[in-house]
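Read it alongside the model.

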Amino acid sequence: MTGNELTMDDRWAIVEAFLEEKGLVRQHLDSYNDFVEHGMQEVVDEVGKIDVEGEDYYVKLGKIEVGPPTIKEADGSRNLLTPAEARIRNLTYSAPIYLEMSIVYKGDGREIEEEPVQVYIGQLPIMLKSVKCPLSEMSKEELIEIGEDPDDPGGYFIINGSERVLVTQEDLAPNRILVEEVNKGGPITHIAKVFSTCLLYTSPSPR
C-alpha cells in the first residue's frame, strides 16, 4: 500500500465532510434559488411584450418579483404564513408573484409608454429553507419558537398541508438507437436497442 492510497476510513471522512458542508438537499435549494433569482426574469425578458390583436398598443413586461409567503384570508386580507401554520390548516406554503407591466401606445411612427404598474399574476410554492423562505435566515432558537425542527434541512414544499418533494429521474431518450457492447468472447459483440414511443400526429383539415 502506497502512502497516497485512500483507506475506507478516509473515504468516509470525505463523505461526512461533504454532507456536513452541503447537506442532502443542497441541489434542490440551489436549483430553486437560481430559478427564483434568475430563471423567472429570463423567461419574462425572453417574452418581452404581449401584443394585443387589433389594437394600437401592446403590453411591455418588466421586472418580476416574488413576495413573502402569505395567505389570503376569507375577509380578503393577506397575512404572513409560516410552514407550521400551513401544515396545521392544510394550506399551500406559497408567495404572491408580481410582474411589472406598462402599456405602450403606437402611432405616428413613435411609441408612448405609460407609467409601469405592478400586477399580481399568481402564487408560487415556496421551497422551505430557500432564499424566499424566512426560515433560511432564522437561528435554531427562532425556528423552535415558531414550531419548526431546527435540524430540518428543507428542500421540499408544503402543498395543501402535505410535505412534497421533487424527485429527479433520469430516463432513456425515446426513439433513439442505443448501442452497447456485450461479451467480447461470444459471436455477438454489440446489441442495439430502441425505446419506441408513438407520436400523435393530426393531419391538417382539408380546405
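Aspartate 51 and lysine 49 form a salt bridge, with their closest N and O atoms 3.9 Å apart. A salt bridge here is a side-chain nitrogen of Lys or Arg within 4 Å of a carboxyl oxygen of Asp or Glu. This is a predicted model: local features need pLDDT of at least 70, side-chain atom pairs count only at pLDDT 80 or more, and totals for chains, interfaces and linings use all residues. Residues are numbered from 1 along each chain as its sequence is written, and side-chain values use heavy atoms, with hydrogens and water left out.

**Salt bridges**

- A search of the whole structure finds 10 salt bridges.
- Aspartate 51 is exposed, at 52% relative accessible area, while lysine 49 is partly exposed at 40%. The classes are buried (under 20% relative accessible area), exposed (over 50%) and partly exposed (in between), with a 1.4 Å probe and protein chains only.
- Glutamate 65 bridges to lysine 63, at 3.6 Å from N to O. Glutamate 65 is partly exposed at 33%, and lysine 63 is partly exposed at 49%.
- Glutamate 148 and arginine 87 meet at 2.9 Å, N to O. Glutamate 148 lies in the loop between helix 4 and strand 8 (157-159) and arginine 87 in helix 3, so this pair ties together parts 61 residues apart in sequence. Helices (H or I, at least four residues) and strands (E, at least two) are DSSP runs, numbered from the N terminus.
- Glutamate 148 counts as buried because its relative accessibility is 7%. Arginine 87, at 22%, counts as partly exposed.
- Glu73, Glu85 and Arg89 are linked in a salt-bridge network.

**Aromatic contacts**

- The whole structure holds 3 aromatic pairs. Rings of Phe, Tyr and Trp (its six-membered ring) pair if their centres lie within 6.5 Å; planes under 30 degrees apart are stacked, over 60 edge-to-face, and the rest tilted.
- One of them joins tyrosine 32 and phenylalanine 157 edge-to-face, at 5.7 Å centre to centre with 65° between the planes.
- That pair links distant parts of the chain: tyrosine 32 is in helix 2 (residues 26-47) and phenylalanine 157 in strand 8, 125 residues apart.
- Tyrosine 32 is buried at 8% relative accessible area. Phenylalanine 157 is buried at 10%.
- Lysine 49 also has its charged end over the ring of tyrosine 58, 4.6 Å from the ring centre. The criterion is NZ of Lys or CZ of Arg within 6 Å of the ring centre and within 35 degrees of the ring normal.

- Helix 1 (residues 8-22) has 15 residues and should span 21 Å at 1.5 Å a residue; its end C-alpha atoms are 21 Å apart, which agrees. The expected span is 1.5 Å times one less than the number of residues.
- Glycine 23 follows helix 1, with a positive phi near 80°.
- Met8, Trp12, Val15, Phe18, Leu19 and Leu24 form a nonpolar surface patch with about 650 Å² of accessible area together. Patch residues have over 30% relative accessible area and no salt bridge; like charges are joined within 9 Å, nonpolar side chains (Val, Leu, Ile, Met, Phe, Trp, Tyr) within 5 Å. Areas come from the Shrake-Rupley method with a 1.4 Å probe; for residues, only the protein chains shown count as cover.
- Leucine 19 is in helix 1 and is partly exposed at 37%.

- Asparagine 90 has a positive phi near 55°. Asparagine 90 sits in the loop between helix 3 (83-88) and strand 5 (94-107).
- Lysine 129 has a positive phi of about 75°. Lysine 129 lies in the loop between strand 7 (117-125) and helix 4 (140-145).
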